Amino acid sequence: DIPADISFDTNRADIKPNFRPVLDKFAGTLVEHPYTVVTIVGHTDNTGSDAINNPLSERRAARTRDYLEAKGAASNRFKIEGRGAREPLVANDNEINRAKNRRVEIFVAEQQATAQMPSQVPQQR
């Protein structure tokens, strides 16, 4: 879980300095585990319209991906999504909570092996 104090500024997608050490460490882990795939989901608070928030949330995910790529993680491992203000962590009822909702979520999964025909194993009788 990424702490709220390293969230994004209102209406911005740039990676704040205190978010970089978290991403640097994560990028190192990705380089060490080349068979994982990563989905980065960007989110916004409810300030502004969907027309602003939806592309902004996608830009946040893209900037996070770009940062990780610059640190050596292969670009073909990433999928990005933007969900705007549709999935808040907490109510958007004060500035602290809105900051918590201006975030990216990063999901890591093992790469699926390519589908192959199952090998025939002789049955023991």
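Mentor: Contact means heavy atoms within 4.5 Å. This is a predicted model, in which local features need pLDDT of at least 70 and side-chain atom pairs count only at pLDDT 80 or more, while totals for chains, interfaces and linings use all residues. Residues are numbered from 1 along each chain as its sequence is written, and side-chain values use heavy atoms, with hydrogens and water left out.

Trainee: Which residues does Asn97 touch, not counting residues up to four places away in sequence?

Mentor: Asn97 is placed in helix 3 (residues 95-101); helices (H or I, at least four residues) and strands (E, at least two) are DSSP runs, numbered from the N terminus. With 14% relative accessibility, Asn97 counts as buried, a term that means under 20% relative accessible area, as against over 50% for exposed and in between for partly exposed (1.4 Å probe, protein chains only). Leaving out residues up to four places away in sequence, the residues touched by Asn97 are Val90 and Ala91.

Trainee: What is the reach of helix 2 from its first C-alpha to its last?

Mentor: Helix 2 (residues 50-70) has 21 residues. The expected span of a helix is 1.5 Å times one less than its number of residues. For helix 2 the expected value is 30 Å, and the reach is close to it, at 30 Å.

Trainee: What covers the buried residues of helix 2?

Mentor: The buried residues of helix 2 include Asn53, Leu56, Arg60 and Tyr67. Their cover includes helix 1 (20-32), strand 1 (36-42), strand 2 (78-82) and strand 3 (104-110).

Trainee: Which strands are the edge strands of the open sheet?

Mentor: The open sheet has 3 strands in the order 2-1-3, with mixed pairing; two strands pair if DSSP finds at least two bridges between them. Pairing on one side only marks the edge strands, which are strand 2 and strand 3.

Trainee: Which residue is the bridge partner of Val41 in strand 2?

Mentor: Strand 1 and strand 2 pair in the parallel sense over 5 bridges. In strand 2, the partner of Val41 is Glu81.

Trainee: How many residues apart in sequence are the parts that the pair of Phe8 and Phe19 ties together?

Mentor: Rings of Phe, Tyr and Trp (its six-membered ring) pair if their centres lie within 6.5 Å, and planes under 30 degrees apart count as stacked, over 60 as edge-to-face and the rest as tilted. Phe8 and Phe19 form an edge-to-face pair, with 6.1 Å centre to centre and 85 degrees between the planes. Both lie in the segment before helix 1, so the parts tied together are 11 residues apart.
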